[in-house]
Structures are given as C-alpha cells and as structure tokens.
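Good morning, and thank you for coming.

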Amino acid sequence: MMIIIAEFFVVILKVLWAFLTAGAKWIVRPKEKSVAGQVCLITGAGSGLGRLFAKEFARRRAILVLWDINSQSNEETAEMVRQIYHELDTPVTKDGPVGGVEEVPPFQPQVYTYVCDVGKRESVYSTAEKVRREVGEVDILINNAGVVSGHHLLECPDELIERTMVVNCHAHFWDYCASKFGAIGFHESLSHELKASEKDGISMTLVCPYLVDTGMFKGCRIRKEIEPFLPPLKPEFCVKQAMRAILTDQPMICTPRIVYMVNFMKSILPFEAIVCMYRFLGADKCMYPFLAQRKEAMNNNEAKNGI
C-alpha cells in the first residue's frame, strides 16, 4: 500500500514537472533543430500549405520529395524550390583549422517529384518504393494532403465520403509509417505506441490550425461580430508556426493559441455547454455559406453543360 501511495505522489510530481517544462517553453523558446541534408517528404505539395511547407524546408536546405496527384502543380512547386536552392547556391567561407579561411562547397539542390494518389494504397506503396530506390530513407514526413466534400452529409454520395476518409485519414496509415478527427486519434495512439516501445529518434507533431485562407474552404464564415477577432489564418503564418513546432519536436501546435483553450474547455465542459459556445461563435453553421457556394457552382456548371 505504501508503495502505491509513493508511486502516486511520484506521478503527481511528474505531472507538475510536465506543466512547468511546457510553461517554460512558452517563455524560453527552444532552438530549432537542423534539417539540412535530411530527406523531407511532403504529400499534397502541389498547392496551398503543402507548397508553403516545401518552400520553408527548402530554405532550411532539406532534400525534398514532393507528392501530389496533380503533376503540373507539383512541378510548379518544384520549380519554386529550385529557385530557392539557386539562391542558396553560393559559396560561403568559414575559419580554417590553422587560422586561415576555407571555402565551403556550394549547396547542391535536390528535389524529387512524384505523382501519387494517397487515397490508393497501391499508389502509395509503389511510389514509396520508388522513393526508397531513388532517394533513400525518409527522415521527415509531412502528411498534408487533404480533400473536402463540400456537401451536407445526407447529400454527399457514398463515393465522396469514402474518398474524403481515405485521403484525410486512411492515407496516414499507408504512408511511411469522421477524417481529420481520425487523424488526431491516429496521432495520439501512434505517439503512445512509440513511447511504449521505447523507439528513440522518432518525433511526431500534430498541427491543428484554425481556418486557413487557402481557398479550400472559401466562404466558410463564423459569426460576423466575432470574425474580426478570429479571422482566417494567413497560410504563411500557419506554416511558420507549424515549422517552428516541427523543428523543436513540439508534440502539438494549435494556431492561434486560443484553440488550446477551446480544446481544454471541450474536455471539461458538459456537451450542452459546448453547443452553446459553438452557437455563440457561429461555429455550428460556419460551413453553410461554403456549402451554398459549392452548390451554386455545381448548378452553374450543370447549366453550362446543358444538364
């Protein structure tokens, strides 16, 4: 009995210590780790956040492997990356071993593009094998690819629901190692599994942004009185925050920080209280304008095609 009580107090001390260290990281920002020369694979690299992640990792001299279902947009991202590499491709000097100055060889640009449908396991397996043969083992994986149905649940065809789940959730299982909520559950379970198996050198970062102004959710609105205080995030800001979290091995990043409070309140408040909070913010119907725009666009396309 005394052993159990002692262990209980040890657990309390560890929890308090975890709070202290987490709070300290908010005050004293940890140093970013170097990813120079490491192989970074980004899914959905052809546009939006995937493209911005590619540019950020390129500036940090990572070797980039870009996956996207659209070959043209993926190549456009690769060209942007090559331009960044070109800007970095200048000789630099450093102090030599005997007080002189020696020239460091210029950075060698390396970016690889692959067409891959992450919703199809065969495509993922075959493309992954190509990457292993042509590039080598992957050090960093950015699971960024995602789709949105743009329909109410009862109006959404089964095929589109399956596609959304396959790309946004199942694809996380087929890469190297409800859809986005499933991805969060996957992150949590895999993180604990890695800890339990005492696997060193593998870090996971869960990125939970608020609405991001990439056009993917164009028209999505919260309550107009609240919107000035919670505007959609700029993609560049979102990626900067995510990069900081990834390079400091932060387990989770919520952007903006008020989202941390939302997650905490969801854990402790009764369900009806959560509903009241969502209604106050207008979050319960934020997708309605988006759905209306998608439906109008579809009707216009059908009218043009004479359907």
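The protein has ten helices and eight strands; helices (H or I, at least four residues) and strands (E, at least two) are DSSP runs, numbered from the N terminus. This is a predicted model, in which local features need pLDDT of at least 70 and side-chain atom pairs count only at pLDDT 80 or more, while totals for chains, interfaces and linings use all residues. Residues are numbered from 1 along each chain as its sequence is written, and side-chain values use heavy atoms, with hydrogens and water left out.

I begin with the whole protein. Of its 307 residues, 34% are buried; buried means under 20% relative accessible area, exposed over 50%, and partly exposed in between, with a 1.4 Å probe and protein chains only. The protein exposes about 19800 Å², and carbon and sulfur atoms supply 60% of that area. Accessible areas come from the Shrake-Rupley method with a 1.4 Å probe, and for residues only the protein chains shown count as cover.

Let us turn to helix packing. Two packed helices are described by the angle between their axes and the distance between the axes. Axes are lines fitted to C-alpha atoms, for helices over the stretch in contact, and angles run from 0 to 180 degrees between N-to-C directions.

At what angle do helix 2 and helix 3 pack? The angle is about 20°, and the axes are 9 Å apart; helix 3 spans residues 71-88. Helix 2 is therefore roughly parallel to helix 3; angles under 35 degrees count as roughly parallel, over 145 as roughly antiparallel, 65 to 115 as roughly perpendicular and the rest as oblique. On the helix 2 side, the residues that meet helix 3 are Arg-51, Ala-54, Lys-55, Ala-58 and Arg-59. By class, this contact of helix 2 with helix 3 has seven nonpolar, two polar and four charged residues. Here Ala, Val, Leu, Ile, Met, Phe, Trp, Tyr, Cys and Pro count as nonpolar, Asp, Glu, Lys and Arg as charged, and the others, Gly among them, as polar.

Helix 2 (residues 48-59) also packs with helix 7 (residues 235-247): their axes come within 10 Å and cross at roughly 55°. This angle is why helix 2 is oblique to helix 7. Among the residues making the contact are Leu-49, Leu-52 and Phe-53 of helix 2, and Val-239, Met-243 and Ile-246 of helix 7. In the contact of helix 2 with helix 7, eleven residues are nonpolar, none is polar and three are charged.

Next come some individual residues.

Gln-38 lies in the loop between helix 1 (2-27) and strand 1 (39-43). With 28% relative accessibility, Gln-38 counts as partly exposed.

I close with the backbone. Arg-61, in the loop between helix 2 and strand 2 (63-68), has a phi near 65°, a positive value in a residue other than glycine. Asp-249, in the loop between helix 7 and strand 8, has a positive phi near 55°. Finally, a cis peptide bond joins Thr-255 and Pro-256, with omega about -5°.

Conventions
Contact means heavy atoms within 4.5 Å.
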